[in-house]
Amino acid sequence: MDILYKIFIEPFVFMGEAPDLLIQTLWEGLVSGILYALIALGFVLIFKASGVFNFAQGIMVVFSALILVGLYEQGVPALLALLLTGGAMLILALTVERVVLRPLVNQPDIILFMATFGLTYFLIGFGELIFGGSPKEMITSELYLPQGTTEVEMLGGFVRFQHLDIAATVIASIMIGLLAVFFSKTRIGRALRAVADSHKAALSVGISLNQIWVIVWFAAGIVALVAGIMWGARAGVSFSLQIIALKALPVLILGGFTSIPGAIIGGLIIGIGEKLGEFYWGPLVGGGIETWLAYVIALLFLLYRPQGLFGEKIIERI
Amino acid sequence: MLYREAGQFKTNYVADRAIFPLREDRIGLGLIVLVAYSLAFLGNDFLLQAVLIPFLVFSLAAIGLNILTGYTGLLSLGTGAFMGVGAYACYKLMTAFPEVNVIVWIFVSGFFSAGIGALFGLPSLRIKGFYLAVATLAAQFFLQWCFIRIPWLVNYNVSGALEAPLRTLFGIPIVGATATPQTRYLVVLTIVIVLTWLASNLVHGRIGRMWIAIRDMDLAAELMGIRPLQTKLLAFAVSSYYCGVAGALLVFLWYGGAEYDVFNINQSFFILFMVIIGGLGSLIGSFFGAALIFIMPIVLGIVLPAIFEPLGIPIAAETIEHLRFMIVGALIIFFLIVEPHGLARLWQIGKQKLLVWPFPY
């Protein structure tokens, strides 16, 4: 009975006793959830338009952040470096489309998935060759990102808000909003949705698949750059950010591979669930459960809804 | 010229169903086994310890994953963790019952891995494709966390690492610091040959046909009377069994001791590479894949300095490491573009061409 008490009652009593701690944990979960969502968004963009499960999204986050910091270290002004990094992502998108995607058109999904693995390895080697393997500082103040913290008194305690986290939340929300508008209102957005529905039908009405792929890979690169700046500012720019990018996978299956709102809500569920679980239930089993909790949450959700929360319903025919 | 079908007549159904219908194939296989055994006496310690033993271990793990991904069509990213279960189970059994021969425990430890694998395979009935791949990541991260957090698994060892105790077979040490690479190679080779033979019989028989039916279309297979749950779980169990044995071999007959980090997510990806590059749904492909992915970096490590240094470009060890990553990545993409069905298909095409050589018809 003791163990049941510890699992089902004690954490909630603790939450009620110290609401400020609960708010703090929820806020941290929210921020990391939004950042997970931002990474997951990159996956969704590419999956929607080309059906490719792009494993390289994680390394693209690291790679873009490395280029930005590397350029700044070479004496390029910060904002110009930002633009140049955007250009580098465009070049990457063009190269990937030409070298990897075009020859592999019409292959099974798993082959394309593997090809993005190859891309991941290539980018890891390339990035380390040029920028070295040591972690770098993100140029936070040069990009006019706020630093410092505000402490707000509420519910009988202090809750601490990092300015950077607030900025990250705002920027990520703007980014997500822009993408939503881009997808639903613009000509290219409509073309993207057409391609997502059916490659063949889109081709038959004169949409160029190659062009669309470059556009989505570029968009995913820009999303990766934003995610890279935000994660880099929080945790430093190094190749270990890749592990964080893997966390975007449960977010993705929770929300469904093809849904942008799904990615956001999935990100929030995972981010908040993970922080609450680690803080309130983690000590029961010795801590460190953050590494797998996200996957288990996603797995349990999947057992009830195999297509994710917002994914398209899977209809099987013979 | 030497490789001809002509004159070899099949007079009964057993001969018709043979896995190696050509006499030349059977002779070739015998030769390969012979060469593999004689390498134990001809090869030096570096070749055995750094190339051949790991190659065989990874081949076995790749066969395991191939049963799951290639034959049954279930994508798994938890291979590393299942290997870990085998290794930890073997360690516990070896230290708890030191009087029983270690070979027995290596084979038994696979069953623990099989049980855990079947447990994590349960979601596969409802979840498919990439969703399943991510679901198996839960196994990977959860099991790895268990390896770190449960000190009972390493007998409360302070270092938290698995250490191979001395174990003998017929009085010759095969596990532990004093075992020579030669004896360890012979043990690994024998185990791999036995298990490969078993796997070959499995996938060519009724069970293998069930797996393939599920892979090609699970709904249709279900309508034909194949039970999807049992078949998928069996695939998970058999696959994990192979991975578990490979994990035990990896720790006790190759490294001689290891930490939890050996069984991380990169190990899982590494094995998946081997399976896909080698060829999905092909046993010989697993060997090709393991050879390419494992041996290629070693060869590059030797070849790259040999190319660059005469040109007057001295390169540091880490630069080689980075170049290796780049080249491996590029080669994966290259092989996928050239032959998406893997090296096994190239092998098949080569044999077909050889049958009619020198005339192209």
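Analyst: Leaving aside residues up to four places away in sequence, F252(B) touches C90(B), A164(B) and V175(B). In this predicted model, F252(B) sits in helix 10 of chain B, which covers residues 228-255.

Among the elements of chain B, helix 8 (residues 206-216) has the highest mean, 91, while strand 2 (residues 167-169) has the lowest, 72.

Now let's step across to the partner. The contact between the chains draws on 37 residues from chain A and 34 residues from chain B. On the chain A side, the elements that give two or more residues are helix 6 (109-131), helix 12 (248-255) and helix 14 (290-304) of chain A. Of these, helix 6 of chain A supplies the largest share, 15 residues. By class, the side of chain A that touches chain B has 28 nonpolar, 7 polar and 2 charged residues. For the model, the scores are ipTM 0.80 and pTM 0.86.

Helix 4 of chain A (residues 57-73) packs with helix 6 of chain A at an angle of about 20°, and their axes are 10 Å apart. Angles under 35 degrees count as roughly parallel, and helix 4 of chain A and helix 6 of chain A are therefore roughly parallel to each other. Their crossing is left-handed. From helix 4 of chain A come I59(A), V62(A), F63(A), L66(A) and G70(A), and they meet T120(A), L123(A), I124(A), G127(A) and F131(A) in helix 6 of chain A. That contact is made up of 7 nonpolar and 3 polar residues, with no charged ones.

Helix 14 of chain A, named above on the side that touches chain B, has a packing partner as well. Helix 13 of chain A (residues 260-281) and helix 14 of chain A pack at about 130°, with 9 Å between their axes, which makes helix 13 of chain A oblique to helix 14 of chain A. Here the crossing is right-handed. I270(A), G273(A), E274(A), G277(A) and E278(A) of helix 13 of chain A meet E290(A), L293(A), A294(A) and I297(A) of helix 14 of chain A. This contact includes 3 charged residues, alongside 4 nonpolar and 2 polar.

Finally, a word on chain A as a whole. Chain A has 14 helices and 2 strands, and 44% of its 318 residues count as buried. Among its contacts with a separation of 6 or more, 74% are between residues 24 or more positions apart. The mean pLDDT of chain A is 79, with 89% of its residues at 70 or more. Confidence in chain A is highest in helix 5 (residues 78-101), at a mean of 86, and lowest in strand 1 (residues 149-154), at 69. Where pLDDT is low, the predicted coordinates should not be read in detail.

How values were computed
Residues are numbered from 1 along each chain as its sequence is written. Chains are lettered from A and ligands numbered from 1 in the order in which they are written. This is a predicted model: local features need pLDDT of at least 70, side-chain atom pairs count only at pLDDT 80 or more; totals for chains, interfaces and linings use all residues. Two residues are in contact if their C-beta atoms, placed from the backbone, lie within 7 Å. Helices (H or I, at least four residues) and strands (E, at least two) are DSSP runs, numbered from the N terminus. Ala, Val, Leu, Ile, Met, Phe, Trp, Tyr, Cys and Pro count as nonpolar, Asp, Glu, Lys and Arg as charged, and the others, Gly among them, as polar. pLDDT is the predictor's confidence in each residue, from 0 to 100. Axes are lines fitted to C-alpha atoms, for helices over the stretch in contact, and angles run from 0 to 180 degrees between N-to-C directions. Angles under 35 degrees count as roughly parallel, over 145 as roughly antiparallel, 65 to 115 as roughly perpendicular and the rest as oblique. A crossing is left-handed if the near helix is turned anticlockwise from the far one by less than a right angle, and right-handed if clockwise. A residue is buried if 20 or more other C-beta atoms lie within 10 Å of its own, exposed if 12 or fewer, and partly exposed in between; C-beta atoms are placed from the backbone.
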